[in-house]
Every structure is written in C-alpha cells, then in structure tokens.
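The sequence and structure come next.

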Amino acid sequence: MKMFILTFLNGLTLAALYFLVASGFTLVFGLMRNVNLAHGSLYLLGGYIGYEAANQTHNWFLGVAAGTLAMAVAGVLLQVLVFRWLEGQELRQTLVTIGISIIAADLMLAVWSGNTYQFDPPAWLIGTTQLPIVLAHKSDGTPILLPYPTYRLFLLAAGLVIGVALWLFINKTRIGMMIRAGVDDRGMLDATGINVHVIFGIVFAIGAGLAGFAGVVGGTALSIAPGEDVRYLLASLVVVIVGGLGSVTGAALGALIIGLAEQFGLAYFPTYGIVLTFVIMVAALAFRPQGLMGKARL
Amino acid sequence: MTDITTPGSTLATPAEIPVSVVGHVIAAVLLLLFPALSSDFFTFQIGAYSLVMGTIALSLMLLAGYGGMVSLAQMSVAGLAGYMIAIFGTNSSGAGLGWPWFLAIPAALVIGTLLSTVVGLLAIRTEGIYTIVITLAIAMALYFFTQQNVEIFNGHSGFAGIAPPVLFGIDWRAPKPFYYLSLAVAALSYAAVLYASRTPFGLSVQAIRDNARRMEAIGYNVAAHRIATYALAGLIAALAGVLLVWFDGRISPGTISVDRAVKILIIAVVGGLRHPAGPFLGAILFVLLQNFAIDFVNPERFNTYIGVAFLIVVLTSPDGLLGLLGKLGNTANAAGAANKSLPES
C-alpha cells in the first residue's frame, strides 16, 4: 500500500514536470503549427542557466527566474530570427529545429561538459513533509504518517498553479482570446487587424519560458546532464500525441497519464516501463489519432 | 500533406532533375573501379560506409520524397535488422542462437520490414507534420527499450563480434569484398526505388503525396499505398541494417540512438529528396566530413559543424545538394540540361 501511494505521488509529480515541458510545446504547435524539436534543448539550456545563476547568486529563486527569462528571450529570438521567415513551411521549420537542437546539444556539451549537475532548492524545500495519510498506528494509537519529499510537493503545486494560470490566461484574457482565435483560424485573426507576429512572439516566449522553468525546477528535483534534452523531448512528444497537439488541457491529461504510467511501470515491471508508455501512445493513435483533447483536422 | 516535400515550390516529377543514362554509366564505372584506385581504408571506411548509410537514407528518401512521409524510424528499422543478425546468428557474447546465415538474414529482413510496416500502420493514422512526431517517438521508445531490455537486446552493451559468413572462400568483411557487397545492395535498392517510382504503384504514391483526398475520392486505397511504401522502405533499410552490423562488427542501443536517426535525415535532406541519387550524395559528403573534418577543425565539435551545414542546406536549398547541382547544371548547360551527367564521387 505504501509503495502504491508513493508511486502514485511520484507519478503525479512527474506528471507536473511533464506538463510544464509539454504545455509550452503544444502551445507553440497549436498556434504556429511549428513542431519545435528544439524544445528539449530549451529545457536543458534553461536548467544549465538556472544552475549557473543560482550558483552565482546563492539564490535558487533567482536561478529559476534566470532560466525562465533567458529561455523566454531565446524563444522570441528563435521566432523573430528564424521561424518567421519560414511561415507555412512546416517541414522546413521542423528540420530547422532539428538542426538547432543538434547544434545546441553540442555547444552545451562544450560549455558544461558531460558532467551531471545537481543543485539544491532553498532550505525550507529540502526534507520531507508528513502527509495526512495514515500508514499504521503505533501501540499507543498515534498514527504514523507518510513522509514525502517537500520539494516534490512544491513541484506538484507549481505544476498545478501554472496549469491553472495558463488556463485562465488562455480562456479569460484578451490576449488568450486572440491566441485561441489564432489556433482556430490564423488568417482570419490577421484580417481583423491584430498583429499576428506579436501574438506569435508572446506564445513562443511563454512556451520557451515554460521549458526553461521546467528545466530549472525539474533539474533541481532530478539532475541536469546531456541527454536530458532528448528525454524531455520524448516525454513532450508522447504527452502531446496522447493528449492532442495544440491543446493545453490535453497536455495536462496526457502528462497525467504518461507520468503515472511511467512511475507505475518503473515500480512494478521495470524493464518494460518504456513499453507501457509506448503502448498508451499506440492505443491513443489507434483509437483517437487526434489525441484525447485534440480537434480532428479537416 | 501537399507542401511537405517541396516547400515553397511546385511539385515536380523526378525527371525534372535529369540523371541521364550517361551519368549512370559514368557513376557505375567510377563506383566499380573505386577499390582499384584507392587504399583499403578508403574502400572500406569511406566507400562501403557511404554506400551503407546512403542505402538507409535512400529508404527515407523513398518515404519522404515520393510518399511525402518523413519517417525518423528508418534507422530503427535498420538497427532492428542488425540486432536480429546478432541474435539469430552468432556473436561473441555467446547469446546468439547460432542460426546459419541463410536463415538469419531472411529472418532479419522480414522482422525489419515488419517493424517498418507497423510504424507505417501507426504513422498513417495522422498526416503531414505529425508523421515526424510519431516516428520520432517510436524511434526513441525503441532506443530506450533496447537499453533497458537485457533478455533480448542485452541492454546497454548490446552485442559484439558479429561478422558476415565466409562464403565461396571469400571473407566478406575484407575491404574489397565488403565494398562490392555494399555496392550490390545499394545499386539494387537504388534501381528498385527508381523503378518503383515509375510503376503505376509508384506514380499513385506520388499522386497521394500531392493530393491524398483527390486520390481517395477517385477510388484509390490511400492507406494501403502508404503502408506498402513503408514496407518497401523497411526492406531496403533492413538490408542496409544487415550490412551496417557487419561493418561495425557490433551493435548496441547507440546504433539506433536519436542522434543516428537524425543523421540519416540529415544525409537524405542534404543530399536531396527528389531523386534516389540524393541520399548517396549526402552520405558521401557526410562520411567524408566525419573522417576528415578532424584534420581541419576540432573533432569534438563535429556535431556543431554538421548541424550548421544542415541548417544552411535547409535554409538555402530545399532540394539539397542535388538541387544545387541541378541549378549549376542548368546555368552551365542551358541548352541541353537533359544530357547533364551527375558527378558521383
């Protein structure tokens, strides 16, 4: 029972992390039809920059801010300098992102070498918190509560807060309305006099910033090392295939399914954990090719 | 789907970049004489390796160029066929089943083709840009699976000590025999792709690439054509995969890493996706760079240079080197472009 609860909680926190990474990926795709295969690189670079900043300033929150902002800027630059000139050419855009991810991975290896970096969150996030889940009772009747790493709870909360904030932003604000309109019909949005390129820039900044944010908070929970870019790209791909490309709600649902599946797979049948993830993806493709929350394309 | 293969330009039949009979003859003579004119190192490490990588890239060219389906799983298909050679045949890890070559090779080819067909079955559920996403996810999943699975794939270390059989008294891994073996497979695959592109089946596949809905409407089975293309591409990739595992002598998850899958894409795109000659051109360039870039630049940053070269080609010439050569040929020989021969080496 304890293992089950722990696996469930680990799955939830992993899902929160996957959601943070995948929501940016899916947001960018939804509006710009740009499959940004350099998204994993943004995650990793955000993590490295966050690490450096936190190391220099001895303030973890400044590290988070640095990683997030640096990647948001990088995202805007990518959009303005590269993707804007390839609009409507989906395959070329994707190929360009592949090229960028290769170069980025190699340059990051040059700067930060192949070492694994780990850094600590603020002291109050280290340690464990007793969850109100009773494992057993002592002989005198006092309950033994389940301890769980505080930082992972923080990660879960961060995922929830950002998820809700993103949902409110997209569904309740004016810019969010423009983004939704752009997802549905870009040409029409352009025709109403809205500067689509500004919207694109904003969305890319949010998407890339989220990847950078995830890089720092995820890197703190786990570690930062070469190869993590590919891992989180795969996670993003599977999450959005299951959830539906272009839908933030879909990304949340997909992240939940994949995060839980991965942790339960790891806990109960370790060698075939990746297969479970894959089977879910195949099942999603077979029964709902557009993803759980995706809209069928005409 | 329509603008997938040729963004920003009108779609063309393969005949638009003319590779004449003369060009083919010159290329064939050069390729046949190559081992006689060069050292064993060049024959094996450059010549044979280019042919093997080119053949894998050719399978991608078939899918992407004619079918409009960019699959990143072709390296996985080749890799799985290679794994099967190791598992069914003999390897130094002592884990091989020890089948004779005439059973192991067909089994590897069948399994490789099957994988590609299954990838096709999944990938055609969605269209266009989604294909790249799904095939990339499949390739990654297979990579992580081979890494974690010890019972079948021997996990991280994979298999070593895999060699082609000694037949007719020839050691097929010696530079010259292996070169000619690779050349035979490459030429056969090349001819098959070129021939297939001109059959009614190949023309239908290209028509489906250009307008799937119209083909569906006039009664073609779009899905079946696409899956068949995946199967054919799978067979070609599996053939090359068998050669690759013999070339390397070993196989591990690294063989089918995402890095490798992307490199196959780079080779095909840089060479050109319009004509089956493109992937081989790309492969020659890639292998030359890989071997000799060390002499000019820091070898540790090889990926950066490859990435930059790839970006430049993608951004400047949508048809790759073949497109550039075609343009050069057209300006140099404006009157008789059709007689242009293709510089192959």
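## Burial and fold of chain B

A residue is buried if 20 or more other C-beta atoms lie within 10 Å of its own. The model is predicted. In chain B, which has 345 residues, buried residues make up 52%.

The secondary structure of chain B consists of 13 helices and two strands. Among contacts in chain B with a separation of 6 or more, 78% are between residues 24 or more positions apart.

## Helices α6 and α8 of chain A

Helix α6 of chain A covers residues 174–184, and helix α8 of chain A covers residues 196–221. Their axes come within 11 Å and cross at roughly 105 degrees. Angles of 65 to 115 degrees count as roughly perpendicular, and α6(A) and α8(A) are therefore roughly perpendicular to each other.

On the α6(A) side, the contact is made by I175(A), M178(A), I179(A) and G182(A). On the α8(A) side, V196(A), I199(A), I202(A) and V203(A) take part. By class, seven residues of this contact are nonpolar, one is polar and none is charged.

## Where chain A meets chain B

The contact between the chains involves 31 residues of chain A and 37 residues of chain B. On the side of chain A that touches chain B, α4 (90–112), α9 (228–243) and α11 (273–287) of chain A each supply at least two residues. The most come from α4(A), which gives 14 residues.

Sorted by class, the side of chain A that touches chain B has 23 nonpolar residues, with four polar and four charged ones.

Terms used. Residues are numbered from 1 along each chain as its sequence is written. Chains are lettered from A and ligands numbered from 1 in the order in which they are written. This is a predicted model: local features need pLDDT of at least 70, side-chain atom pairs count only at pLDDT 80 or more; totals for chains, interfaces and linings use all residues. Axes are lines fitted to C-alpha atoms, for helices over the stretch in contact, and angles run from 0 to 180 degrees between N-to-C directions. Helices (H or I, at least four residues) and strands (E, at least two) are DSSP runs, numbered from the N terminus. Angles under 35 degrees count as roughly parallel, over 145 as roughly antiparallel, 65 to 115 as roughly perpendicular and the rest as oblique. Two residues are in contact if their C-beta atoms, placed from the backbone, lie within 7 Å. Ala, Val, Leu, Ile, Met, Phe, Trp, Tyr, Cys and Pro count as nonpolar, Asp, Glu, Lys and Arg as charged, and the others, Gly among them, as polar. A residue is buried if 20 or more other C-beta atoms lie within 10 Å of its own, exposed if 12 or fewer, and partly exposed in between; C-beta atoms are placed from the backbone.
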